[in-house]
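Visitor: I would like a close look at one part of this model, taken piece by piece. Please describe the packing there, and then say how that part sits against the rest.

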Amino acid sequence: MSYLKTLKPLGAKPESYPGFSERLVASHYENNYAGAVRRLDAITARLAALDPATAPGFDWNALKREELVAYNSMLLHEIHFEALGPAMPPPPDLAAAIDRDFGSYEAWRARFAACGRALAGGSGWVVLVREMRSGRLAIQWCADHTMGFAGAVPLVALDMYEHAYHLDYGANATAYVDAWLGAIDWTAAAARWRGAPPPQVPYATSIAELGDFGGVFVDARRGPTYAAAETVLPGALRVDPAAPDGFAAGLPKDREIVVYCVYGFSFSRDTAAALRAQGFRARHLDVGIVGWRASGGSLDAKGRGSV
Ligand SMILES: [Fe+2]
């Protein structure tokens with residue numbers, strides 16, 4: 001299987017993260033997160049090719065260790081990005097658990113931040129988990145993307161590798177830790193703490209779900225963004241999201257339509273909804289053109305089609 005075809009989208013538009021530039025977030029997502037997933041796909045293929053009867057133990061040891069590192073890097077980056085957004089406090093049930101296990105939210109924040117600052121100049125993760133043995137919350141320190149408590153559920157994860165902050169904060173890890181802690185949206189963490197399935201975005205499609213897509217891609221990036229772009233998804237038609245009256249002309253009603261924007265948020269979602277209201281079979285690409293490119297998807301030069 002390809003993990004790369006199941007890249008997770010960001011939790012919110014990068015411009016909505018207080019204290020973080022879009023340049024930093026996009027670089028972190030495309031180079032470090034997607035890079036870990038590319039490594040995981042390559043390692044998975046190598047492992048599948050090992051002959052259990054003849055492959056030496058050092059091959060198993062090396063590849064299984066690298067699989068663990070790459071898999072946890074994928075998972076922790078997804079949790080890291082998922083929590084970043086317009087800040088939302090923990091809901092009352094999770095807030096009560098934080099009070100129970102740390103004394104108060106502020107006490108938890110102070111201890112979590114201290115663990116982050118302790119990794120300044122080094123690398124690793126600080127993770128809030130629900131540990132399996134007692135069900136209580138705990139703060140973990142994870143080097144090399146690993147070393148977590150067995151069976152613990154990660155709730156929020158702070159990336160302390162320098163690539164996560166150097167573009168915006170230089171070596172000032174303390175300012176980065178404070179900015180990150182001030183930008184946590186606790187919604188998804190609370191769902192994991194309760195053991196609930198991840199929330200589904202209606203009419204979203206992942207790259208894996210597209211399969212051998214026989215429909216039509218529609219580019220609905222914001223006007224200035226589209227004007228500056230050089231590439232589009234294969235065969236994409238252009239619809240300006242600011243001109244909904246022109247949506248219907250030229251689009252086929254007998255084929256599936258997948259609308260995309262940069263990251264998979266409002267421009268593609270709203271455009272797909274407007275198309276559905278006009279009778280089209282339209283969904284939106286959950287990871288946008290950024291995720292498509294990061295997954296290795298092919299691109300066309302812009303200018304071949306428009307509506
Ligand atoms: Fe990272």
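Guide: Helices α1 and α2 pass each other in a left-handed crossing. This is a predicted model, so every value below is computed from predicted coordinates. Helix α1 covers residues 22-49, and its axis comes within 9 Å of the axis of α2, with the two crossing at roughly 150°. On the α1 side the meeting residues are Y29, N32, Y33, A36, V37, R39, L40, I43, R46 and L47. Facing them in α2 are L63, E66, E67, A70, Y71, S73, M74, H77 and F81. By class, this contact between α1 and α2 splits into twelve nonpolar, three polar and four charged residues.

Strand β1, residues 125-130, is paired with β2 in the antiparallel sense over six bridges.

Helix α3 (residues 92-102) and α4 pack with their axes 8 Å apart, at an angle of about 65°. That angle makes α3 roughly perpendicular to α4. The crossing of α3 with α4 is left-handed. A95, I98 and F102 are the α3 residues in the contact, and they meet Y105, A107, W108 and R111 of α4. Sorted by class, the contact of α3 with α4 has six nonpolar residues, no polar ones and one charged.

Helix α4 (residues 105-118) also packs against α6 (residues 173-181), where the axes lie 9 Å apart and the angle is about 140°. The crossing of α4 and α6 is right-handed. From α4 the contact takes R109, F112, A113, G116 and R117. From α6 it takes A173, T174, V177, D178 and L181. The residues of this contact divide into five nonpolar, two polar and three charged.

The setting comes next. The protein chain is divided into domain 1, residues 3-194, and domain 2, residues 204-301. Their C-alpha centres lie 30 Å apart. Twelve residues from domain 1 and 13 residues from domain 2 make up the contact. The side of domain 1 that touches domain 2 has eight nonpolar residues, one polar and three charged.

Beyond that contact, another open sheet is built from five strands in the order β4-β9-β8-β5-β7, with parallel pairing. Strands β4 (204-205) and β7 (237-238) stand at its edges with a single partner strand each, so one side of each has no neighbour in the sheet. Strand β8 (residues 256-260) is joined to β9 (residues 281-285) by four bridges, and the two run parallel. V259 stands opposite H284 of β9. Helix α10 (residues 266-277) packs on this sheet, touching β8 and β9, and its direction makes about 175° with that of β9.

Methods:
Residues numbered from 1 in each chain as written. Predicted model: local features only at pLDDT ≥ 70, side-chain atom pairs only at ≥ 80, totals over all residues. Domains from an automatic or database assignment. Contact = placed C-beta atoms within 7 Å. Nonpolar A, V, L, I, M, F, W, Y, C, P; charged D, E, K, R; others polar. Axes fitted to C-alpha atoms, helices over the stretch in contact; angles between N-to-C directions. Left-handed = near helix turned anticlockwise from the far one by under 90°. Parallel < 35°, antiparallel > 145°, perpendicular 65-115°, else oblique. Pairing = 2+ DSSP bridges.
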